[in-house]
Amino acid sequence: MKDDIFKKPLEKQFEFDTDVASVFDDMVSRSVPFYSQNLKLIVDIIERFASKNSKICDLGCSTSSLLLALFERRQDLKLSGVDNAQAMLNIAKSKSNAFGAKIDFYNKNLDEFDFFRNDVFIATYTMQFIRPQKRQNIINKIYENLNNNGIFIMSEKILYDDVKISKKMIEIYENYKQEQGYTRLEIATKREALENILIPYTQDENITMLKNAGFVRVESIFKWVNFETFIAFK
């Protein structure tokens, strides 16, 4: 379904409810620049780094597009996904059943989730929705539950320290969304709905958070304006 949620007047702050879940795949593909290319990049990297029968956990798996792309590429992988929105998981389960993919799903907030050992953790545009006071602790749990030589791949919307640069980057991003068919009113309404819900960090803040958890090396593997993907090595 096409995302037209923010054509209506704002009634509440943004949440991943049934309405959002029903249009999420369209929303994310039009709202996050190079979303499909970044997803493919993550799959390509995991294919090369993950040994046979590796355990992969997607934190904030939404409708399971990334997990299903991994399943299509490597059916030996042991896949699981965590999301706190049941509406998202309902769609994820339907999609995985249609593909014949065996994926374990967990309906939990990350700050309440009982983490278990994995070779790869993924969080694509997930940590930005975690309250800042809880974020470092969750990153610590990810590190602690990674097997030796494991990796964590994290995509995030980011801030810039320089106010002038930040303003220009926001303008470029909003022009991008208009090119995807969103009106200025829809863009402004969604921005208002996300205020204090999506709280991005700067590039340096994200890298520092990962290194504070214990990751020995952190690399930036994708960046476009105010979106960036990091890979962290244990």
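## Pockets, strands and cysteines in a predicted model

Fifteen residues line the second largest pocket, and those nearest its centre are Ile 5, Phe 6, Lys 8, Glu 11 and Lys 12. The structure is a predicted model, in which local features need pLDDT of at least 70 and side-chain atom pairs count only at pLDDT 80 or more, while totals for chains, interfaces and linings use all residues. Residues are numbered from 1 along each chain as its sequence is written, and side-chain values use heavy atoms, with hydrogens and water left out.

The search for such spaces runs on a 1 Å grid over the protein atoms alone: a cavity is a set of points where a 1.4 Å probe fits but cannot get out, a pocket is an open set with protein on both sides within 12 Å along at least five of seven lines, and lining residues have an atom within 4 Å of a point. Grid points are joined across faces, edges and corners, and a volume is the space filled by probe spheres set on the points. Helices (H or I, at least four residues) and strands (E, at least two) are DSSP runs, numbered from the N terminus.

The second largest pocket holds about 260 Å³ of space, and helices α1 (18–31) and α7 (184–194) each supply at least two residues of its lining. By this rule there are also two cavities of 30 Å³ or more. The largest cavity, with a volume of about 70 Å³, is lined by residues that include Tyr 35, Asn 38, Asp 58, Cys 61 and Thr 124. Helices α2 (35–49) and α3 each supply at least two residues of that lining, and α2 gives the most, with three.

Asn 38, one of the residues that line the largest cavity, lies in helix α2. Asn 38 is buried, with a relative accessible area of 2%, where buried means under 20% relative accessible area, exposed over 50% and partly exposed in between (1.4 Å probe, protein chains only). Asn 38 and Phe 222 are 184 residues apart in sequence, yet 7.4 Å apart in space, C-alpha to C-alpha.

Strand β2 (residues 78–83) is mostly covered, with five of its six residues buried. Two strands pair if DSSP finds at least two bridges between them. Strand β1 (residues 55–59) runs parallel to β2 and is joined to it by five bridges, and the chain passes from β1 through helix α3 (residues 65–73) to β2 in a right-handed β-α-β crossover. Right-handed here says that, with the strands pointing away from the viewer, the path from the first strand over the helix to the second runs clockwise. On the other pairing, five bridges join β2 to the parallel strand β3 (residues 103–107), with Ile 103 in β3 as the bridge partner of Leu 79. β2, helix α4 (residues 86–99) and β3 likewise make a right-handed β-α-β unit.

Cys 57, whose bridge partner in β2 is Ser 80, is buried with a relative accessible area of 0%, and Cys 61 is buried with 3%. The whole structure has zero disulfides, a disulfide being a pair of cysteine sulfur atoms within 2.5 Å. The sulfur of Cys 57 has its closest cysteine sulfur in Cys 61, 8.2 Å away, which is too far for a bond.
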